[in-house]
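Please examine the model shown here, with attention to its helix packing, its aromatic rings and its backbone geometry.

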Amino acid sequence: MVPITHTKCILPPPSSTAFLLLLLLTGFLIFSGVESRAPFACDPSNRGTSNFPFCRVNLPTRDRVRDLLGRLTLAEKVRLLVNNAAGIPRLGIQGYEWWSEALHGVSDVGPGTKFLPTFLGATQFPQVITTASTFNDTLWEEIGQVVSNEARAMYNGGKAGLTFWSPNVNIFRDPRWGRGQETPGEDPTLAARYAVRYVKGLQGNVGDRLKVAACCKHYTAYDLDNWNGVDRFHFNAKVSKQDLEDTYNVPFKACVLEGKVASVMCSYNQVNGKPTCADPYLLKNTIRGDWRLNGYIVSDCDSVGVMYTNQHYTATPEDAAADSIKAGLDLDCGPTLAVYTEGAIKQGKLKEVDVDGALSNTLTVQFRLGMFDGPRQPYANLGVPDVCLMSSNQLALEAARQGIVLLDNRGKGPPLSTFRHRTVAVIGPNSDVTVTMIGNYAGIACGYTTPLQGIARYVKTIHQAGCSDVSCKGSQLIGAAEGAARQADATVLVMGLDQSIEAEARDRVNILLPGHQQELISRVAKSSRGPVVLVLMSGGPLDITFARNDPRILAIIWAGYPGQSGGTAIADVLFGTTNPGGKLPMTWYPQGYLAKVPMTNMGMRANPAQNYPGRTYRFYKGPVVYPFGHGLSYTTYQHSIAQAPTSLSVSMLSVHLENNNSTTLTNGVRVSHTKCSTLAMGIHIDVENTGTVDGTHTVMVFSSPPEGKWATNKQLVGFQKVHVVAGGVERVAIDLHVCKHLSVVDKFGIRRVPMGEHTLHIGDLKHSLAIKPTLEEIKN
């Protein structure tokens, strides 16, 4: 979404000044949105409204919604179709701002949330890409629970809404994408699992009630903001049915079916020639039909207007309003539906019943949140004392510790010693930063510990920035940094990126370190009299081949954007208080890869005929700097399979087998043609810590289908985090589902289970699993 309160990233430029003037004159420009506050429409003290049927908490929600809708005029209805919904004073309903954000902590991006003076801050967890690298789904849900507690507290204080447009579950397809930092990475299984657990943490999902309403965004095939003259407002993503089903839609499907998310946001871009927010196949047929969304669909800001002003997809703005609502859109982040829906109805392009359908979905969510229950609010006890709790800050620190990835460690590298390394030179443009550590879509942090401050808790430090900022446009400060390295027992270089290099509406042109950073690193490493450790902050991958090849650099650490306590976590890893266990959630490519993959090419699979290498570890087989799932530890682990099936039968109804008996073995069994509910299995893996340090390890299970027409790279199908003491053994049980985890998608977008010998990969182990079809007669 566009953080429209930021002048450098505002609404897409309209194609006509008249359109912008109209918005200003009508008062619907969304950066003047209403401050969110609780619409206590049913306050018992208001005798004029409290006896309406929609105020009766003992009635079914659908009856309450129907009653409220029946009391609204058309003019009132259309003003509820936008994020800054107008109040209805005669019913005691105040205005409501739908737009709040909470990707990794309550954020003040968007008009729905304000901090000061009531709330001085909120817990700012690591950026999502860093949290994803923990591969700890329990942690993801715990973070969601803390964020929703703080969100409810701020709602009770009149400073936030209850509808949070988070998480971002788009696939991190291209390493240049400025918003990749907001996502759980490049793998659909990982992104889907993250989405489900974070959504559950946010929503609570106690029965049909909601603690807050989460929103999975941006649906779908959205992962280009502004690259090489192409922006997201004009981009038509050409996506195959295979890639849509196999990659791009996987996290969204899990969000709705497993996470029971209350909302899905459609994206700016077109998919195969249609704007996603006006595509009935994507919205009405898939999200609400096939996946059975119990909630509302919202546009990105201002996707509906963009259809007319930028994409020229519709002839009039009334057409844009009509097309989007009829396609299944319920709420417009932006003014277009409020301005043009009534006109669309008068012109016969839309019916009032269509508007009622959209409002029924949004109002139902508000009722599930308790927003029409008067002051008898659930979670009404939460307030200022429940924000920035010590336990919440500790969870943010633990998330950062678990998310840090040790990329390389050789010779006499970390952990550093407080006895041998009593003075440490801390160098680099990210060595003493604060807001850089929390990435984008962040709020006001409870407090910060910078890397310099974290290291200073262990040893004496000598600090030199080396560059004035991450762009590192000059080399004037490098000499002082070299001098610091000569004086110290060890040197820690804290380098990388920030939001000036990678951000929303800012895709990178390369994946190298900016400016003179490489020169700074190499010169300091050469000058240092002690071991040198390179720490990188970034959301996306970096080609740091030069550092890998530099014998003076003994260790390389990726911290992502580690959140408010990032400096403490980095120092804890450097000095061995924490044994790192993070794993990369995305591939780190060499710079040369970019020349072969235009960001506009959405294809996931390699095409050798066109010299197209494919994307992500699942389809790209070329050289990498670091692979997906890579991450070292201060100890070593060994896997052994304690229990796993060697064969499995997939039953198939005879009618389907008869229709496909010549192709079943070569094409595989459609998942819709078998009893998927019976095809679950478990794998038991023993993990031995063969080193001398206790550690936490992520067990990853990959699968590859039978050789032949299905031959692809292996893909992640399961993972689990386990703590193993030095010399100890722990058993891990990972549940796999054949239809979900061992299936593949054909070129028609049909998911099938290939027959034959599948291979499971756990570390260096390989385990064969034979899958064969069996005939099942239809029983009358």
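The model is predicted, so local features need pLDDT of at least 70 and side-chain atom pairs count only at pLDDT 80 or more, while totals for chains, interfaces and linings use all residues. Residues are numbered from 1 along each chain as its sequence is written, and side-chain values use heavy atoms, with hydrogens and water left out.

Helices (H or I, at least four residues) and strands (E, at least two) are DSSP runs, numbered from the N terminus. Helix α6 (residues 188-203) packs with helix α8 (residues 250-257) at an angle of about 30 degrees, and their axes are 8 Å apart. Axes here are lines fitted to C-alpha atoms, for helices over the stretch in contact, and angles run from 0 to 180 degrees between N-to-C directions. α6 and α8 are therefore roughly parallel to each other; angles under 35 degrees count as roughly parallel, over 145 as roughly antiparallel, 65 to 115 as roughly perpendicular and the rest as oblique. The crossing of α6 past α8 is right-handed; a crossing is right-handed if the near helix is turned clockwise from the far one by less than a right angle, and left-handed if anticlockwise. On the α6 side P188, A191, A192, A195, V196 and V199 meet V250, P251, A254 and C255 of α8, where contact means heavy atoms within 4.5 Å. By class, this contact of α6 with α8 has 10 nonpolar, no polar and no charged residues. In that scheme Ala, Val, Leu, Ile, Met, Phe, Trp, Tyr, Cys and Pro count as nonpolar, Asp, Glu, Lys and Arg as charged, and the others, Gly among them, as polar.

The contact is made by L397, A400 and R401 of α14 with T568, A569 and D572 of α19, and its residues divide into three nonpolar, one polar and two charged.

The aromatic rings come next. A search of the whole structure finds 24 aromatic pairs. Rings of Phe, Tyr and Trp (its six-membered ring) pair if their centres lie within 6.5 Å; planes under 30 degrees apart count as stacked, over 60 as edge-to-face and the rest as tilted. F233 and Y268 form an edge-to-face pair, at 4.8 Å centre to centre and with 85 degrees between the planes. F233 lies in the loop between β5 (230-231) and β6 (236-237) and Y268 in the loop between β7 (263-266) and β8 (270-271), so the pair ties together parts that are 35 residues apart in sequence. Both F233 and Y268 are buried; buried means under 20% relative accessible area, exposed over 50% and partly exposed in between (1.4 Å probe, protein chains only). The ring centres of Y589 and Y593 are 4.0 Å apart and their planes are at 10 degrees, so this pair is stacked. Y589 and Y593 are both buried. One aromatic cluster is formed by F135, W140, Y194, Y198, Y617, F628, F702 and F719.

Burial also marks helix α11 (residues 317-327): nine of its 11 residues are buried, so α11 is largely enclosed by the rest of the structure. The cover over these buried residues includes α9 (281-290), α10 (303-309), α12 (336-346) and α13 (352-368). Just after α11, G328 takes a positive phi of about 125 degrees. In strand β9 (residues 274-275), P275 counts as buried at 1% relative accessibility. Beyond its neighbours within four places in sequence, P275 is in contact with N269, Q270, M307, Q311 and Y313.

Backbone exceptions complete the account. Most residues other than glycine have a negative phi, and most peptide bonds are trans. The peptide bond from K217 to H218 is cis, with omega near -5 degrees, and H218 lies in strand β3 (residues 216-219). Another cis peptide bond joins Y219 and T220, with omega about 5 degrees. H312, in the loop between α10 and α11, has a positive phi near 50 degrees and is exposed, with a relative accessible area of 54%. C388, in the loop between α13 and α14, has a positive phi near 65 degrees and counts as partly exposed at 24% relative accessibility.
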